Structure formats: C-alpha cells, structure tokens
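The tour starts from the overall fold and then moves to a single pair of side chains.

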Amino acid sequence: MTPRRVAVKVPATTANLGPGFDTLGLALSVYDELDVQVRDEPGAHVTVHGVGAGEVPTDESNLVVSSMAYTFEAMGRRMPGVNVTAHNTIPHGRGLGSSGAAVVSGIMAAKGLLQGDVEIDADTLLRIATDLEGHPDNVAPALFGGLTIAWLTTSGPKQKRLIVHRGVAPLVFVPQFTMSTKLARSLQPASVPHEDAIFNVSRSALLIAALTQSPELMLAATEDKLHQNYRAAAMPETAKLVTLLRNAGYAAVVSGAGPSILVLADGPGQRLAAAELVATQADTPWQALMLAVDFKGATVTPVDDDESPAQ
C-alpha cells in the first residue's frame, strides 16, 4: 500500500567550491522541509512558511509540485492531488541551491508517495533531478549529502559521494542582495585559455585531497580562473569580500553562482576569526552562518495521518 502522506527534508548546497566549476558540490546543514499529503481533489495547494512565503507560487506551478508531477510522469504514474506545507530556511537567490533543493524536494516527495508501487533508485533520482535543474552539481549533494563529484556521460549523469575531513568547518556569508543564476552563467566566456584550464584541473584535484585528507591545503586548493573573475563585475561586494578574506589567508570562494560566500576553514578557530574579520571590516552587511557538512542528503519518511505536520 502506498503512503498518503510523507515528510521530506532536503539540505542546502554550495557548488563549484572555487575550481570545481559545474562538478563539485557540498551539502550544508540548512534545510527545507515539506509535509505532503494526498487529497481526494485534483490539483495542488502549497502553504509556505519561512523563506519564500508570499513570493513563490502556491499552485501547480510551484517548483516543488511541478518536479513531483514530472517524477510521477517519468515513472508512468498519474500524480494525485496534494496539499503541500513547506517550511523553508534555505535563502533564495543567494547561491545556496534553493532551486535544486525545491527540485529534489518534489522528486523525493514523489518517491515517498510511490513507495510500494514503484521504487526509484539513486541513478534515476539523479537523472530526473538533472533533467529538471539542467546540471547535477547542486542536486547531487542535495540528494546524497556530503561532498559530491558529478559528471555527465552518454548514459546520463553520474556522481561519487565522498566523506569530508572532520576538520573542515564551513562558514557561509549571506548578503541582503540576490543574484540570478541565469545572469551569472551568461557572463561565462565560450572558451577559456588553455593555461587557465590546466590551472583549474590541478586545483580541483588538490581540493579533493584538501577536503578529504589535508584541510591545511584549502587556501591553495580553492584558487580558480574559470568563473569567479568573469562574474565579479555583476556582484562587486562579493568579489571585494572574497579578496579581503583570501588576502587574510582564508579559503573563501563564491558559493555557487553567488552572491553568498563560502569559507572552507580548517577548524573552528579559523572559522571564528574569519567571521570576526567580516564583522569588523566588511562594507556591507553579511549574515554569518556557522554550518556543518550534511552527510545524509535528502530524506523522505511516511507520516501517519493522525500526526501533525512539522512546525
């Protein structure tokens, strides 16, 4: 018997991590949570609490609902009517994977509601998420947690999940302004110099070593020549703060398409020092989030009908 109600929890993500453009992603301990309940009437109604309340659609055009519908269709099933209650904490338009989290939330809700009828394996989850999001670098860590390497093949997207060294202490600085991922991508050149490509290949390889074995190498490992400089003019406050942090010895990079900044500190002490530097020297306000790496990824669990939605 398939469940009529499920609870979904999906982490925020940060992609690129400096040199790993469109390839590396990291799941972080900020979450969007859903309560999804099948109803007898067709269609969908969405109630949003927290981030996006009063802004995102509350009908079938909502990204969570459309992703759910896409997944049902991909599995050869018709989606029932649903009531969705969302409790969102992932900032929108800040480079922390909010759209990827919404896509993954819908897919996981569909997976949960189809349990006992159709089982959806990890490869299929990633394929559907990549179809909807357009690239796998955010949806892979949102689905599977930890540090992920994602790549595309002729048979579809693939990913490898790695365990992050316990000494890595993520810190995210979130500004009040937003950035369009579409705009950020439009600033990328069609080609890059050969030496810049080699530079990033070396740093990406080094970054895997730094994140999994040697956090003390993080500053050198997060150097990039493929995307951040090209996007700097669109978010000068971000570029200025990244430079300030890196000049002070902190492994700061643009989080995803920006404008948030990720610092991969090599311990709690360095993380606190980076936060203090920004609090005292930044020209514009930044919210400092002391986070952990999420190791679980997206989860979905059946809910008894007599239980109340999470508050």
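**The whole chain**

Colour the protein chain by secondary structure to find ten helices and eleven strands, where helices (H or I, at least four residues) and strands (E, at least two) are DSSP runs numbered from the N terminus. The radius of gyration is 20 Å, close to the 19 Å of the globule rule for 311 residues, so the chain is as compact as a globular protein of that length; the radius is taken over C-alpha atoms, and the rule is 2.2 Å times the number of residues to the power 0.38.

This is a predicted model, in which local features need pLDDT of at least 70 and side-chain atom pairs count only at pLDDT 80 or more, while totals for chains, interfaces and linings use all residues. Residues are numbered from 1 along each chain as its sequence is written, and side-chain values use heavy atoms, with hydrogens and water left out.

**The aromatic pair**

Next, select Phe-177 and Trp-286, whose ring centres lie 5.9 Å apart with planes at 80°, so the pair is edge-to-face (centres within 6.5 Å for rings of Phe, Tyr and Trp, the last by its six-membered ring; planes under 30 degrees apart are stacked, over 60 edge-to-face, the rest tilted). Phe-177 sits in the loop between strand E7 (169-175) and helix H5 (181-186), whereas Trp-286 belongs to strand E10 (residues 286-290), 109 residues apart.
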